[in-house]
Amino acid sequence: MIEFHLDARSGVANYMQLIHQVRHAMRLGLLNEGDRLPTVKEVVAKVAINPNTVLKAYRELEYEGLVTLRTGVGTFVTRTLSDESLGAHGPLRLKLQQWLAEAREAGLDEESIEALLLSTFRAPAEGKA
Amino acid sequence: MTTTTVIGADGLGKRYGRRQALADCTLDIPAGRVVGLVGPNGAGKSTLLQLASGLLSPTSGTIEVLGASPASTPAQMAKVGFVAQDTPTYAGLSIREHLHLGARLNPTWDAEFAARRIRQLDLDPGQRAGRLSGGQRAQLALTLAIAKRPELLLLDEPVASLDPLARREFMQVLMEFAAEQGASVVLSSHLVADLERVCDYLIVLARSRVRLVGDVDELLASHHRLTGAYREPATLPAGQEVIHSSHTERQSSLIVRSTAPIDNPSWTTQRLDLEDLVLAYMSNSATIGSIPVPEAQR
């Protein structure tokens, strides 16, 4: 079972934050096929948000084919997003850590590292149409 | 849900002598929503809630709550819960006596829920309400209002005097109620931050009038902050309504309402959060005084 949290200052709509957190948990293998999501009542009693926000997020996830809503039973994950790529996470993380160490050695501070990462990530990939 | 409109008002107004507390208020609030009623102090929020609960009668226009005149019949009164400002309780009565009173006065009283809540709150039923902390008293008032099992729960500034933890706990219980009952909730606050997470419908009141009303997601999607080189607001295309503008010699900064996306590349377009949106309409009402009420198209 996952726990939701909301960042009021993120500028991302609340229901989108819930969707991102489910997808994120699925990619990291924290949620797998057959797992139950917390009920709307459980989420709102914990996070103190509007029930319709949770319903909207769950409906959107259902539309994307990631979960299924079974009335009276709960909301269940219907797919596993992680299996093919999860094995690659470890080595990739190691390379990133090496890169971060190099960046710090070169004198970049946290903000410069983040800016460089983001601008590289968002720049159009070379050699692609 | 038996009705699709929980609060319908048409030209509703309330006057105290010379003072117009609420004017020309027209609303059609759908059922099953958590409605935030925001506005500065003295904007008419309490007046509107008291009109909806039947504690006040209008001096002009009409209001219907769950399809009938407020507090017109015992059945109607049983369907509407009201928690007045500062979550009042009887200081001299114990918690147990409050629950007895609730059971005697309300035909739909859920005694099992009330007893369970008091246990969960870890309160001593023999304790007098006057000796409870602000947060505990608010929780008692909320427990009494929910145990009545209303279809519509009205709350006037319920968290204004609570600390952040007590606020969060109050909202958790209120949202749990909204989730399990599918009930409608209207709560007022002069702070948007109190309402941002919990409301999916918004009413902005300022200077006795409704300035903005609609579904929160639709309102956020249809308002944009534009910044760019100085220009006259009149040069905006049709369909883009300027809600708020400020200019320096070089720069114009506008808050614009438009259902279509802004595709002019000479503007930098940003999303607004709920607080920016509410403040734009409030400051707009301060300078213009009376503007036509934009209603979100559903």
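Trainee: Which element gives the largest share of the lining of the largest cavity?

Mentor: Please note that this is a predicted model. Strand S2 (19–30) and helix H1 (45–53) of chain B are the elements that give two or more residues to this lining. The largest share amounts to three residues, and it comes from H1(B).

Trainee: What is the volume of the largest cavity?

Mentor: A cavity is a set of points where a 1.4 Å probe fits but cannot get out. With a limit of 30 Å³ or more, the count comes to one cavity. The largest cavity has a volume of about 30 Å³.

Trainee: How many nonpolar, polar and charged residues are in the lining of the largest cavity?

Mentor: The lining includes B:Ile7, B:Leu27, B:Ile29 and B:Leu48. B:Leu49, B:Ala52, B:Val186 and B:Ile203 also line the largest cavity. Ala, Val, Leu and Ile are among the residues that count as nonpolar. By class, the lining therefore has no polar residues, no charged residues and eight nonpolar residues.

Trainee: Which element gives the most to the lining of the largest pocket?

Mentor: The largest pocket has a volume of about 1,200 Å³, and 50 residues line it. Elements of chain A and chain B supply at least two residues each, including helix H1 (14–27) and helix H3 (51–63) of chain A and helix H6 (164–181) of chain B. With seven residues, the element that gives the most is H3(A).

Trainee: Which residues lie nearest the centre of the largest pocket?

Mentor: By class, the lining of this pocket has 21 nonpolar, 14 polar and 15 charged residues. Of the 50 lining residues, those nearest the centre are A:Tyr15, A:Pro51, A:Asn52, A:Thr53 and A:Lys56.

Trainee: How many charged residues are in the lining of the second largest pocket?

Mentor: About 840 Å³ of space lies in the second largest pocket. Among the residues closest to its centre are B:Gly81, B:Phe82 and B:Lys148. By class, its lining has 20 nonpolar residues, seven polar residues and, as for charged residues, one.

Trainee: What is the radius of gyration of chain B, and why is the chain called as compact as a globular protein of that length?

Mentor: Chain B has nine helices and 13 strands. For 298 residues the globule rule gives 19 Å, and the value for chain B is close to this, so the chain is as compact as a globular protein of that length. The radius of gyration of chain B is 21 Å.

Terms used: Residues are numbered from 1 along each chain as its sequence is written. Chains are lettered from A and ligands numbered from 1 in the order in which they are written. This is a predicted model: local features need pLDDT of at least 70, side-chain atom pairs count only at pLDDT 80 or more; totals for chains, interfaces and linings use all residues. Side-chain values use heavy atoms; hydrogens and water are left out. On a 1 Å grid over the protein atoms alone, a cavity is a set of points where a 1.4 Å probe fits but cannot get out, and a pocket is an open set with protein on both sides within 12 Å along at least five of seven lines; lining residues have an atom within 4 Å of a point. Grid points are joined across faces, edges and corners, and a volume is the space filled by probe spheres set on the points. Helices (H or I, at least four residues) and strands (E, at least two) are DSSP runs, numbered from the N terminus. The radius of gyration is taken over C-alpha atoms; the globule rule is 2.2 Å times the number of residues to the power 0.38.
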